[in-house]
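Here are a few friendly notes to read alongside the model.

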Amino acid sequence: MLNVAILDDYVNVALESADWSRLPAGSKVTAFDRHLTLEEAARELAPFDVLCTMRERMALPRRLIERLPNLKLIMMVGVRLANLDLEAATEHGVVVCRTPFAGPGPELAKIGAATPELTWGLMIATVRHIASEDRRLREGGWQNSMGMVLEGRTLGLLGLGNIGKRMARYAQAFGMQVIAWSQNLTPEAAEAGGARWVDKDGLFREADILSVHLVLSERSRGLVGARELGLMKPKAYLINTSRGPIVDEGALIATLKQGRIAGAGLDTFDEEPLPAGHPFRSMDNVTLTPHLGYVTHDTFKIFYAGMPDAIAAFAAGAPKDVVNPQVLERARR
């Protein structure tokens with residue numbers, strides 16, 4: 001019997017996205033539909049044996065883990081959880097398991113489609129001012145902006161991995177030119193991915209719309225700073241659906257306030273949920289979405305599907321896809 005917490009289930013879909021009846025008999029599952037502060041988490045999560053996370057929505061630092069005396073297992077989606085202190089979990093004897101994506105091939109393909117589709121929608125919303133015009137119309141107003149036509153423009157892709165390649169295909173359908181750069185990208189790989197390779201400065205100088213598609217790492221953190229933003233055209237736009245810290249937030253705020261680029265479309269932020277008084281919330285040249293890139297019914301069913309079986313395997317003494325096996329080795333001694 002286990003006491004299981006599902007964290008940050010903002011729209012109450014976790015319980016219907018998997019068969020939680022597969023947990024050991026008598027287990028209890030509680031879904032938290034709001035983000036918990038560290039102090040709230042320390043208090044609310046203290047009784048739980050298992051925490052089920054959803055990507056990086058909930059940080060699990062050392063100062064929280066050491067205040068959860070009953071915690072035995074952390075379930076994570078995917079291969080990494082950047083805001084989990086894995087060393088602290090290991091020291092406290094907490095097993096961390098990955099959830100393997102479960103589903104037939106066509107269903108799994110939807111994981112790869114979710115973020116680029118959202119990115120394209122955010123891009124159009126940004127350059128055509130859809131969100132601000134929607135608000136104005138509902139308030140009784142009428143037209144108050146001029147948009148940009150994508151046909152013939154240059155899309156700059158910072159990163160040409162799986163998502164970047166899909167973006168390149170979408171851009172071609174819209175009649176755009178596509179350029180790309182990342183630290184490891186070669187001209188040959190760029191061409192194979194549907195883009196023209198340029199150097200880093202060329203990417204920022206040439207792009208009419210620059211879209212970020214890198215994994216957050218120490219190498220990519222702060223990669224887009226004041227210097228890079230300063231190279232962009234005054235009428236260019238920045239789109240970030242990857243991770244907030246890849247773009248220097250302070251530099252971007254200053255650039256937008258000074259009108260040195262036309263605007264930005266942002267789905268990810270340094271701190272999430274975005275604080276109530278954050279400057280982005282009141283800036284007319286910013287279009288915001290609350291980290292919706294992967295948030296679809298299709299992807300959540302795949303993300304959650306393997307959790308009940310993985311938790312049951314842990315309860316049976318045979319955990320699968322363990323990230324920190326040294327915990328188990330220590331227990332066997």
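1. Buried means under 20% relative accessible area, exposed means over 50%, and partly exposed lies in between (1.4 Å probe, protein chains only). At 12% relative accessibility, S182 therefore counts as buried. S182 touches G159 and L214, leaving aside residues up to four places away in sequence; contact here means heavy atoms within 4.5 Å.

2. A word on the basis: this is a predicted model, where local features need pLDDT of at least 70, side-chain atom pairs count only at pLDDT 80 or more, and totals for chains, interfaces and linings use all residues. Residues are numbered from 1 along each chain as its sequence is written, and side-chain values use heavy atoms, with hydrogens and water left out.

3. The structure holds 16 salt bridges, each a side-chain nitrogen of Lys or Arg within 4 Å of a carboxyl oxygen of Asp or Glu. One of them joins D309 and R22 (2.6 Å, N to O). The two residues are 287 residues apart. D309 is partly exposed at 32% relative accessible area, and R22 is partly exposed at 47%.

4. K200 forms a salt bridge with E228, with the closest N and O atoms 3.0 Å apart. E228 counts as buried, at 8% relative accessibility.

5. D208 and K233 also meet through their side chains in a salt bridge (2.9 Å, N to O), and they are 25 residues apart. D208 counts as buried at 11% relative accessibility, whereas K233 is partly exposed at 31% relative accessible area.

Note on methods
Helices (H or I, at least four residues) and strands (E, at least two) are DSSP runs, numbered from the N terminus.
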